Amino acid sequence: MSSRRQIQELLNSYHAQISTIILSKQNPCSGLIPASVAITTHGDYTDAWVRDNVYSIIAVWGLSLAYRRIDDDDGIGYELEHATIKCMRGLLSSMMKQANKVENFKNTQSLEYSLHAKYKTTTGETVVGDFEWGHLQIDATSIFLLTLAQMTTSGLHIVYTLDEVNFVQNLVFYIERAYRTPDYGIWERGNKLNHGMPELNSSSIGMALAALQAINGVNLFGARGGPTSVIHVLPDELTRNYTTLHSALPRESNSKEIDAALLSVISFPAFAVQDL
């Protein structure tokens, strides 16, 4: 059996796994992926978390990149790429419905104006109130921007209009002050004592830093875009997030000496720390 045939069979086995585990759960209308399909005594996890969706769809996108190396993939690469686009656009659409919150948050950094952390899988609408969840999770918005930048530079067309470009630019403003914005972090609980008090989290600052570095100068319309579709990041905000992150590590926060959340910052997907 030729090595090319072996590679294709290996990719096809990965595609079968991804189709079963991820794509079969993707909503055909919204493009969003539920955290779980089960409703248990612990709660209803059929909603779509921003962070979970991005991590899930990265696997689909990564496999689509591998299929680009295959001459005849029976359309699998096309399917994977557009499943990725559909999910990312579903998240973008859900967040754009809260554009007024982003505008207010830029000026106030108030919890009531934070983007929601999860949405209804079937419609992309909000599912809980502004104060009924620890919504302010800067790392979740940041990993969306980081992945959007990487997918765009890989050739995917996710952003279609200048309205969407302007909103993404606003998301940059939303996260760029992560170095001084207490949030609920990756565990959605804030302080280690679970009192619901937000605090500065190194994992959020690191993810924001990686997102800002990745998206700075990216043209969201790709090769066919002009100056108006380029995203800009203030150099001072990059420096402040970098300095704050490296002065805080290895602590995750004031109440957490160390935390598994930092793995996402020092390694995949952020790789925000260079002097390990």
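This report walks through a predicted model of a protein, from its overall build to a few individual residues.

**Overall build**

The protein contains nine helices and four strands. Followed along the sequence, these elements come in the order α-β-β-β-α-α-α-β-α-α-α-α-α. The radius of gyration is 19 Å, which agrees with the value near 19 Å that a compact globule of 276 residues would have. If you want a box for the C-alpha atoms, roughly 55 × 50 × 40 Å along the principal axes will hold them.

How much of the protein counts as buried? The share is 49% of the 276 residues. The accessible surface comes to about 13,200 Å², and carbon and sulfur atoms supply 55% of that area. As for charge, there are 21 positive and 28 negative charges, and their mean positions lie 0 Å apart. Among contacts with a separation of 6 or more, 69% join residues 24 or more positions apart.

**The nonpolar core**

The largest nonpolar core has 69 residues, and those with the most contacts inside it are F144, L145, L148, V168 and I215. Helices α1 (3-21), α2 (50-67), α3 (76-96), α4 (99-108), α5, α6, α7 and α8 (235-248) each give two or more residues to this core. In soluble globular proteins, nonpolar side chains tend to be buried together.

Beyond its neighbours within four places in sequence, L148 touches M88, I158, V159, V168 and L220.

T141 sits in helix α5, which covers residues 138-153. P182, by contrast, is found in the loop between α6 (162-175) and α7 (202-215). Are these residues buried or exposed? T141 counts as buried because its relative accessibility is 5%, under the 20% cut-off. P182 is partly exposed, since its relative accessible area of 36% falls between 20% and 50%.

The table lists the contacts of both residues, along with those of L148, leaving aside neighbours within four places in sequence.

| Residue | Contacts (heavy atoms within 4.5 Å) |
|---|---|
| T141 | L115, L171, Y174, I175 |
| L148 | M88, I158, V159, V168, L220 |
| P182 | L136, P198, E199, L200 |

P182 and L200 are 18 residues apart in sequence, yet their C-alpha atoms are 4.2 Å apart in space.

Terms used: Residues are numbered from 1 along each chain as its sequence is written. This is a predicted model: local features need pLDDT of at least 70, side-chain atom pairs count only at pLDDT 80 or more; totals for chains, interfaces and linings use all residues. Side-chain values use heavy atoms; hydrogens and water are left out. The radius of gyration is taken over C-alpha atoms; the globule rule is 2.2 Å times the number of residues to the power 0.38. Buried means under 20% relative accessible area, exposed over 50%, partly exposed in between (1.4 Å probe, protein chains only). Accessible areas come from the Shrake-Rupley method with a 1.4 Å probe; for residues, only the protein chains shown count as cover. Lys and Arg count as positive and Asp and Glu as negative; His and the chain ends are not counted. The place of a charge is taken as NZ of Lys, CZ of Arg, CG of Asp or CD of Glu. A nonpolar core is a set of buried Ala, Val, Leu, Ile, Met, Phe, Trp, Tyr and Cys residues joined through side-chain atoms within 4.5 Å.
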